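Please take a moment to look over the sequence and the structure shown here before reading on.

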Amino acid sequence: MLKNYTISELDSGLYQIKDPMDVLMYLVVGEKKALLFDTGYGIIDLPAVVKSITDKPLTVVLGHGHIDHANGAYQFDEVYLREPDYELCNEHTSPEIRSSIIERMKEAGITPDFDEGKWINSGKCNLKPLEPGTVFDLGGINVEIVDMAGHTGGSIGILLREKRILIDSDSANSHCWMFMPQSLSVRAYAAMLERVMEMDFDVFYVAHQDYAHTKKDMEKFIKVAKNVTLDKCKPYDNWVDLKPLVYTEGDVSIVVNERTLA
């Protein structure tokens with residue numbers, strides 16, 4: 001599997017793994033156990049990457065079921081995911097979707113160094129249900145599952161209680177896609193962010209930006225979600241069949257459509 005990934009230690013026991021397609025995964029290592037959050041496109045040998053950091057028993061949790069977060073799940077015996085995203089995950093780990101990943105790699109100038117046919121047909125993972133409020137005790141670090149439904153109906157974040165750090169995949173970021181068939185309403189998204197803001201964390205990390213965000217950033221996300229209206233939007237040139245529209249304030253954008261704004 002591809003080896004051109006990077007590992008950064010963000011905090012004691014917290015590692016950020018970037019795959020060749022610039023998707024970020026997070027490994028939390030406690031005194032007794034470890035937890036991997038998200039699995040990227042599945043084009044690197046994630047078990048080997050994790051073992052290069054720790055050999056402690058590992059739990060794997062998906063932030064949601066989309067293509068760039070769930071496709072490495074097949075490399076593990078079992079993976080936790082909220083049930084509202086099961087169907088989405090099964091679709092996005094299909095041979096058709098994996099074939100599209102190969103095409104994206106080649107368009108990006110990345111040459112697959114693995115058996116493409118075997119990888120495309122590697123199958124879906126063994127999904128285990130996950131509920132918000134669940135706490136994984138890693139030994140010295142308690143990881144709480146946080147309901148962050150919005151981008152998809154099953155989106156979650158993880159709260160590292162002792163470190164006051166929140167990690168989400170695409171649930172809260174400065175360019176949030178809220179127009180996908182799996183997306184909830186923009187109103188629900190804003191309400192979720194307001195609820196999460198009340199939790200005890202100081203910074204948060206996301207899947208497509210490799211730096212720490214503060215609660216001030218989340219306040220901006222909420223403001224944009226509350227201010228967006230159809231007349232303020234411009235056409236968005238991705239996924240045009242879903243009629244997406246983008247609204248921007250400063251360095252924050254939200255991509256919506258008429259359904260999610262209704």
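This is a predicted model: local features need pLDDT of at least 70, side-chain atom pairs count only at pLDDT 80 or more; totals for chains, interfaces and linings use all residues.

What follows moves from the chain as a whole to two of its residues.

**The chain as a whole**

- Taken along the principal axes, the box filled by the C-alpha atoms of the chain is roughly 50 × 45 × 30 Å.
- Of the 262 residues in the chain, 55% are buried.
- When contacts with a separation of 6 or more are considered, 59% of those in the chain are accounted for by residues 24 or more positions apart.

**L166, a residue of strand β11**

- L166 is found in strand β11, and L166 counts as buried because its relative accessibility is 0%, where the cut-off for buried is under 20%.
- Once its neighbours within four places in sequence are left aside, L166 is in contact with V146, M148, I158, L159, V196, F201, V203, F204, Y205 and M218.
- Y5 lies 161 residues from L166 along the chain, and the C-alpha atoms of the two residues are separated by 23 Å.

- N173 has its place in the loop between β11, which spans 165–168, and β12, which spans 175–177.
- Although N173 belongs to a loop, N173 is buried, because its relative accessible area is 9% and the cut-off for buried is under 20%.
- A polar atom of the side chain of N173 lies 3.1 Å from the backbone oxygen of D170, while the side chain of N173 also reaches the backbone nitrogen of H175 at 2.9 Å.
- Leaving aside the neighbours of N173 within four places in sequence, the residues in contact with N173 are Y189, V206, Q209 and F221.

**The two residues together**

- L166 in strand β11 and N173 in the loop between β11 and β12 are both buried, with L166 at 0% relative accessibility and N173 at a relative accessible area of 9%.

Note on methods
Residues are numbered from 1 along each chain as its sequence is written. Side-chain values use heavy atoms; hydrogens and water are left out. Helices (H or I, at least four residues) and strands (E, at least two) are DSSP runs, numbered from the N terminus. Buried means under 20% relative accessible area, exposed over 50%, partly exposed in between (1.4 Å probe, protein chains only). A polar contact is a pair of N or O atoms within 3.5 Å; within protein, one must be able to donate a hydrogen and the other to accept it, and residues adjacent in sequence count only if both atoms are side-chain atoms. Contact means heavy atoms within 4.5 Å.
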